[in-house]
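I opened this notebook to keep a record of what I looked up, one topic at a time. The sequence and the structure come first, and my entries follow.

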Amino acid sequence: MNPRRSFATAGRVLQQLRHDPRSIALMLIAPSLLVGLFAWLFADQEGIFDRFGGAILALFPFIVMFLITSITTLRERRSGTLERLMTTPLAKADFILGYALAFGLMAILQAVITVAFAVYVCGLTVDGPLWQLGLVAVVDAVLGTALGLLASAFASTEFQAVQFMPVLVFPQIILGGLFMPRDQMPDVLYAISDWLPLSHAIDAIEAVAAGDEGWDVGAPLLIVVAFAVGFLVLAPLTLRRRTP
Amino acid sequence: MVNNADAVVIDGLRVRRGRRDVFDGLSLRIPRGEVIGLLGPSGCGKTTLLRAIVGVQRTHGGSVEVFGEPAGSRGLRHRVSYGTQGSAVYTDLTVRENLRYFASVLGAPRDDVDRVLTRVGLAAHANRSVDALSGGQVNRVSLGAALLGEPELVVLDEPTVGLDPVLRAELWGLFREIADAGTTMLVSSHVMDEALRCDRLLLMRDGRIIADTTPRRLLADTGQTDAEAAFLALIEHDTGGHHETRRSRREEER
């Protein structure tokens, strides 16, 4: 691994984004629009947005970053630029880290904008400190980036990459505790949900919303960070310099 | 038996794809400092051979050595560069941004980008986005990326495909200049007329090298006046002389 090459790759990915302002706008604003839609939907029902608004903040940045990352890295595979890079001294980890840094930066911007919009425009109230809400949203978006990087390794077309949504993302949403509190689930599903990172992300957000402190927020957040790091460590292993 | 004059030494290379043998024991030597053309019809294995030489092809036996080291080894990644088929560059970046990125990946000095821009004649277009360039210009961006960091062996897969004859001649002129400066240029093409522009020719068919020759010798040996006719004559000779082709052997086994 070589930091200069990782940063060069991150800089190049950001440069590509800069040439595509429409994507930047979508990436930064789309989650806010969805949060706004959600708030509007429950505008007449007291307390519903405060109950679910936090979990939505965990969800949308995660999904958006997952999609963007998996499709962008796939494009790199298909255009032949990845093969070209694999003949250079660039380490596979440099490549993944470069993408993670670039999209991690976008994830931070996106999470900050979405949380600010939810709180100041839609009037979301949480009992815990606001920065914690922001931190959880950032970590969730980074998780989406990491999972997207890993998933793109298993897709050979954009069509397949999009199909990973129902396979890798939707079960996490269904079992994440949003539709039914996790402790009321059938035992088997509860056990499975314990192994899904998004469950812990939603746990962390709900802990912040309830004003919990210390390990009640820290423990689930650390689990999400561990998953994100795990995905980033696995991703370079799925890249191959030699292909059939 | 490794000759220092050889850039590439391939011995008994075997590559399988699915249940099919692409190469079944291919051996080959490529000398340094020349323009070497790898010619043959589409699907004969040119890309697979080039990929094996730059070390991104999974192989199933035999050895490929470049400058005395196994192909694709760490030490070679500064010395060998590869321009893939379909000019793999970032079309949403400008020419300069592309070259800057590849230069920093290679650890090439900053002024190398300007040297290469001048070399491939794109200095005036440096700040244009690649997707706004013509086909010939895009190919030159790809060539430029392959020249960064002054590699000793440049491997280009079909760099002239889809270009008009004037642009093709221009590019081959450029390959010649680069080789004259001491770089080994290995260039594939399926346009037989381009054979005559190389110092040395490798003619490939159905996963085998059917001729390792020079343009002059090719024409003299076959008694033809153009490369295409010479190639056809060679194929005729090949199927007549070598009864044991891979296909015939497989059919006998059944």
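How many bridges join β6(B) to strand β7 (residues 153–156) of chain B? I found four bridges, and the two strands run parallel; two strands pair if DSSP finds at least two bridges between them. B:V80 stands opposite B:L153 in β7(B).

**Entry on the model and its names.** I note that this is a predicted model, in which local features need pLDDT of at least 70 and side-chain atom pairs count only at pLDDT 80 or more, while totals for chains, interfaces and linings use all residues. Residues are numbered from 1 along each chain as its sequence is written, and chains are lettered from A and ligands numbered from 1 in the order in which they are written. Helices (H or I, at least four residues) and strands (E, at least two) are DSSP runs, numbered from the N terminus.

**Entry on the sheet of chain B.** I followed the strands across and wrote down an open sheet of six strands, in the order β6-β7-β8-β3-β9-β10 of chain B, with mixed pairing. The edges are held by β6 (80–83) and β10 (208–213) of chain B, each with a single partner strand, so one side of each is left without a neighbour in the sheet. On average, and with direction ignored, neighbouring strands of this sheet are turned by 15° against each other.

I then looked at β3(B) and its partners. Five bridges join β3(B) to strand β8 (residues 184–189) of chain B, and these two run parallel; here B:V35 stands opposite B:M185. With strand β9 (residues 200–205) of chain B, β3(B) pairs in the parallel sense over four bridges, and B:L202 is the bridge partner of B:L38.

**Entry on burial in two strands.** I used this rule: a residue is buried if 20 or more other C-beta atoms lie within 10 Å of its own, exposed if 12 or fewer, and partly exposed in between, with C-beta atoms placed from the backbone. Why is strand β3 (residues 35–39) of chain B largely enclosed by the rest of the structure? Five of the five residues of β3(B) are buried, so the strand is largely enclosed.

**Entry on a pair of loop residues.** Most residues other than glycine have a negative phi. I noted B:F67, with a phi near 50°, a positive value in a residue other than glycine; B:F67 lies in the loop between β4 (63–66) and β5 (69–70) of chain B, and counts as buried with 20 C-beta neighbours inside 10 Å. For B:E158 phi is near 50°, again a positive value in a residue other than glycine. B:E158 is placed in the loop between β7 and α5 of chain B, and is buried, with 22 other C-beta atoms within 10 Å.

**Entry on helix packing in chain A.** Axes are lines fitted to C-alpha atoms, for helices over the stretch in contact, and angles run from 0 to 180 degrees between N-to-C directions. Helix α3 (residues 48–78) and helix α6 (residues 130–152) of chain A pack at an angle of about 30°, with their axes 7 Å apart. That makes α3(A) roughly parallel to α6(A), since angles under 35 degrees count as roughly parallel, over 145 as roughly antiparallel, 65 to 115 as roughly perpendicular and the rest as oblique.

How is α6(A) packed against helix α9 (residues 197–209) of chain A, and at what angle? The angle is about 170°, with the axes 9 Å apart, which makes α6(A) roughly antiparallel to α9(A). Among the residues that make the contact I listed A:L133 and A:V136 of α6(A), and A:A201 and A:A204 of α9(A).

**Entry on the two chains together.** I found 23 residues of chain A in contact with 26 residues of chain B, where two residues are in contact if their C-beta atoms, placed from the backbone, lie within 7 Å. The largest share of the side of chain A that touches chain B, six residues, comes from α1(A).
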